[in-house]
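Student: I'm new to this one. Could you walk me through it, one question at a time?

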Amino acid sequence: MRSFLIAASFILVTGLSFSTVTTAKPVTKVLDAPTRQFARVVTEANAPVGWAGFCSAQPAECTAAEKSDEFITLGKERWAQLQQINALVNHEIQGVGDNDHYGIYKLGIINWWTYPDDGAGNCNDYVLLKKKLLVEAGWSRSALLLTVVLDKNNEGHLVLMARTNDGDLVLDNLTDTVKTWEGTGYTFIKRQSTDNPNNWVRLESGRTPEQLAMISKALAGHSQ
């Protein structure tokens, strides 16, 4: 199964002490400091439908554990981990929509989040696997937050936000480049709370009134 290939690749990555560390540029030069390094929380928000379904199917994965570090100190090794795991999952998983994959619409389900154990999935599944691998690599769960955005086409999209001392960074299945949250060009809607993965918070979008209107539309009708 493809899942075994992913696991083996990850073991290889960790076992080699992150060989790309020697070639990666210093973090301070790789990451261009944005105007605002950290996304700002505005208020509470409802959890996405997909998250609720994921927790119903796999409750053990959604148990609120004791809060861990909210930020990770981003040295060369941690920076290499982000790059490698983001690229590894992007390359090993085949992109496919939920309905084509599972036929969810016939089941009355509008969005299905799960681990891509069969080697295929959509943006939600990529994110879940990236978070799982980073946690296994020693990252704090409280610093890895599932985040709903509108992409550059104003479509709902899920990314993983890694909270570091250098700012909020984004792992995205649409690019192998780990970017600052403002550097994505996305409109940010909401993300998991650092206190409890089942609690979600609304984010200040930092966007124009036109884009804010798209947020309202997405919140009202999008399957995210």
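Tutor: Helices (H or I, at least four residues) and strands (E, at least two) are DSSP runs, numbered from the N terminus. The model is a predicted one, where local features need pLDDT of at least 70, side-chain atom pairs count only at pLDDT 80 or more, and totals for chains, interfaces and linings use all residues. Residues are numbered from 1 along each chain as its sequence is written, and side-chain values use heavy atoms, with hydrogens and water left out.

Student: Which residue is the bridge partner of Leu 146 in S5?
Tutor: S4 and S5 run antiparallel, with seven bridges joining them. Leu 146 is one of the residues of S4. Its bridge partner in S5 is Leu 160.

Student: How many helices and strands does the protein have?
Tutor: Counting the DSSP runs, the secondary structure comes to seven helices and nine strands.  Seven of the strands form an open sheet with antiparallel pairing. So the tally you asked for, because helices and strands are both DSSP runs, is seven helices and nine strands.

Student: What is the order of the strands in the open sheet?
Tutor: Strands of a sheet pair through backbone hydrogen bonds, either parallel or antiparallel. Neighbouring strands are turned by 30° against each other on average, direction ignored. The order is S1-S9-S8-S4-S5-S6-S7.

Student: Which residue in S9 is the bridge partner of Val 41?
Tutor: S1 and S9 (residues 200-203) pair in the antiparallel sense over four bridges. Ala 45 has Trp 200 as its bridge partner in S9. For Val 41, the partner is Leu 203.

Student: And what is the bridge partner of Lys 190 in S9?
Tutor: Here we look at S8 (residues 187-192), which pairs with S9 in the antiparallel sense over three bridges. The bridge partner of Lys 190 in S9 is Arg 202.

Student: Is S4 largely enclosed or open, and how many of its residues are buried?
Tutor: Buried means under 20% relative accessible area, exposed over 50%, and partly exposed in between (1.4 Å probe, protein chains only). On one side of S4, Leu 144, Leu 146, Val 148 and Leu 150 are buried, and so are Leu 145, Thr 147 and Val 149 on the other. S4 is largely enclosed by the rest of the structure, because its buried residues number seven of the seven.

Student: Which residue in S8 is the bridge partner of Thr 147?
Tutor: S4 also runs antiparallel to S8, and four bridges join them. The partner of Thr 147 in S8 is Arg 191.

Student: What is phi of Asn 154?
Tutor: Asn 154 is in the loop between S4 and S5, a hairpin with five residues between the strands. Asn 154 is partly exposed, at 31% relative accessible area. Its phi is positive, in a residue other than glycine, and lies near 60°.

Student: Which residues does Asp 125 contact, leaving aside its neighbours within four places in sequence?
Tutor: Asp 125 is found in helix H6 and counts as buried, at 0% relative accessibility. Contact means heavy atoms within 4.5 Å. With those neighbours left aside, Asp 125 is in contact with Asp 98, Trp 112, Trp 113, Thr 114 and Pro 116.

Student: How far apart are the C-alpha atoms of Ser 68 and Trp 139?
Tutor: Ser 68 is in the loop between H3 and H4, and is partly exposed with a relative accessible area of 28%. Not counting residues up to four places away in sequence, Ser 68 touches Ser 140, Arg 141 and Ser 142. Ser 68 and Trp 139 are 71 residues apart along the chain, yet their C-alpha atoms are separated by 9.4 Å.

Student: What percentage of the residues are buried?
Tutor: The protein has 224 residues, and the buried ones make up 47%.  Among contacts with a separation of 6 or more, residues 24 or more positions apart account for 70%. The buried share, to repeat, is 47%.

How values were computed
Two strands pair if DSSP finds at least two bridges between them. Axes are lines fitted to C-alpha atoms, for helices over the stretch in contact, and angles run from 0 to 180 degrees between N-to-C directions.
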